[in-house]
Amino acid sequence: MTIKKLTADQLHQAYPVISQLRPHLTLEQYINTAKTMMSQGYQVACLYDGEEILAYAGFVEQINLYYGKHIYVHDLVVCENHRSKGYGKTLLSHIEDLANKNKMSCVWLISGVQRKDAHRFYEEKAEYAKTSYSYQKMLHPMTF
């Protein structure tokens with residue numbers, strides 16, 4: 001197993017995995033949006049077994065008034081056929097190591113209320129604390 005950072009030209013390789021978390025995105029929407037995000041600091045790290053991507057993490061280094069310098073994980077998904085094997089924890093630990101190395105206060109993320117298995121993973125296996133609720137008010141359909 002190896003963890004590799006993807007370049008913009010490699011994003012298409014990760015689509016089969018990220019589409020399991022973001023099924024509403026076409027390949028073109030994913031690539032265009034991820035490239036725009038990369039121009040703003042978004043990074044993609046994938047866990048590989050040989051040439052096969054087993055897990056995907058998209059994250060960004062940020063600073064704000066409540067966490068200071070930190071990493072925010074936008075996307076974390078393990079391929080359906082490889083879940084519950086520790087791959088998500090491995091990839092999340094890699095991100096935590098980056099945050100530790102750069103003296104950041106924390107790694108944080110938001111998980112949809114319907115994702116009960118993910119919540120169990122974050123709280124029990126990854127030892128993350130549930131610290132807040134997230135609210136949204138949709139104003140327009142999503143655009144890419």
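D75 is buried, since its relative accessible area is 8%, where buried stands for under 20% relative accessible area, exposed for over 50% and partly exposed for the range in between, all with a 1.4 Å probe and with protein chains only. The structure is a predicted model, in which local features need a pLDDT of at least 70 and side-chain atom pairs count only at pLDDT 80 or more, while totals for chains, interfaces and linings use all residues. Residues are numbered from 1 along each chain as its sequence is written, and side-chain values use heavy atoms, with hydrogens and water left out.

The side chain of D75 meets that of R22 in a salt bridge, with an N to O distance of 2.8 Å. This pair connects distant parts of the chain, as R22 sits in the loop between α1 (11-21) and α2 (27-38) whereas D75 belongs to strand β4, and the two are 53 residues apart. Helices (H or I, at least four residues) and strands (E, at least two) are DSSP runs, numbered from the N terminus. In contrast to buried D75, R22 has a relative accessible area of 26% and is therefore partly exposed.

## The other salt bridges

A salt bridge is taken to be a side-chain nitrogen of Lys or Arg within 4 Å of a carboxyl oxygen of Asp or Glu, and the count by this rule is three. One of them joins the side chains of D117 and R120 at 2.2 Å, N to O; both residues lie in helix α4, three residues apart, which is about one turn of the helix. D117 is exposed because its relative accessible area is 57%, while R120, at 43%, is partly exposed.

Another pairs the side chains of K130 and E123, with 4.0 Å from N to O. Here K130 has 65% relative accessibility and so counts as exposed, whereas E123, at 39%, counts as partly exposed.

## Nonpolar cores

A nonpolar core is a set of buried Ala, Val, Leu, Ile, Met, Phe, Trp, Tyr and Cys residues joined through side-chain atoms within 4.5 Å. The largest such core holds 22 residues, and I71 and V73 have the most contacts inside it. At least two residues of this core come from each of β2 (43-49), β3 (52-64), β4 (68-78), α3 (87-101), β5 (106-109) and α4, with α3 giving the largest share, five residues. Apart from this core lies another, of 18 residues, which includes V44, Y48, V77 and C79.

For V73, contact (heavy atoms within 4.5 Å) is made with G58, F59, L92, I95, V107, W108 and L109, once its neighbours within four places in sequence are left aside.

## Q43 and the cysteines

Q43 is a residue of strand β2 and counts as buried because its relative accessibility is 16%. When residues up to four places away in sequence are not counted, Q43 touches K5, A57, G58, F59 and E61.

With a disulfide defined as a pair of cysteine sulfur atoms within 2.5 Å, the count comes to zero. C79 accordingly takes part in no disulfide, and the nearest cysteine sulfur, which belongs to C46, is 11 Å away. C79 has a relative accessible area of 11% and is therefore buried.

## Surface patch and backbone angles

M138, M142 and F144 make a nonpolar surface patch of about 360 Å². Such patches are made of residues with over 30% relative accessible area and no salt bridge, with like charges joined within 9 Å and nonpolar side chains (Val, Leu, Ile, Met, Phe, Trp, Tyr) joined within 5 Å; accessible areas come from the Shrake-Rupley method with a 1.4 Å probe, and for residues only the protein chains shown count as cover. M138 is placed in the segment after α4 (116-125), and because its relative accessibility is 53%, M138 counts as exposed.

Most residues other than glycine have a negative phi. S84, although not a glycine, has a positive phi of about 65°; S84 lies in the loop between β4 and α3 and, at 80% relative accessibility, counts as exposed. E127, also a residue other than glycine, has a positive phi near 60°. E127 is found in the segment after α4, and its relative accessibility of 69% is why E127 counts as exposed.
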